[in-house]
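Reader: I have not seen this structure before. Please take me through it in a few questions.

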Amino acid sequence: MGKNKKSALPVNWLLLGFILSLYVMGFILYPALPDMVPSHWN
């Protein structure tokens, strides 16, 4: 019952910030993507 959970808090904020930055980069780079993505299924 006497565990200190404050040590894990900065890691959680760091991971959330990293995930949020990936979403922001995706929204910024989305217009630069081609209309059709080439694929080959043969």
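Predicted model: local features only at pLDDT ≥ 70, side-chain atom pairs only at ≥ 80, totals over all residues.

Reader: Over residues 12-33, how far apart are the end C-alpha atoms?
Author: Over residues 12-33 the chain is 82% helix and 0% strand. The chain has one helix and zero strands. Between the end C-alpha atoms of residues 12-33 the distance is 31 Å.

Reader: Does Phe27 count as buried or exposed, and why?
Author: Phe27 lies in helix H1, which spans residues 9-29. A residue is exposed when its relative accessible area is over 50%. Because Phe27 has 68% relative accessibility, Phe27 counts as exposed.

Reader: What is the area of the nonpolar surface patch that includes Phe27?
Author: Among the residues that make this patch are Phe18, Leu22, Tyr23, Met25 and Phe27. Ile19, Leu20, Val24, Ile28 and Leu29 also belong to the patch. The patch has an area of about 1,100 Å².

Reader: What share of the accessible surface of the chain belongs to carbon and sulfur atoms?
Author: Of the 42 residues of the chain, 0% count as buried. The accessible surface of the chain is about 4,800 Å². The share belonging to carbon and sulfur atoms is 72%.

Conventions: Residues numbered from 1 in each chain as written. Heavy atoms only, no water. Helix = DSSP H or I, 4+ residues; strand = E, 2+ residues; numbered from the N terminus. Buried < 20%, exposed > 50% of the residue type's maximum accessible area, 1.4 Å probe, protein only. Areas by Shrake-Rupley, 256 points an atom, 1.4 Å probe, with all protein chains shown as cover. Patch = residues over 30% accessible without salt bridge, like charges linked within 9 Å, V, L, I, M, F, W, Y side chains within 5 Å. Salt bridge = Lys/Arg side-chain N within 4 Å of Asp/Glu carboxyl O.
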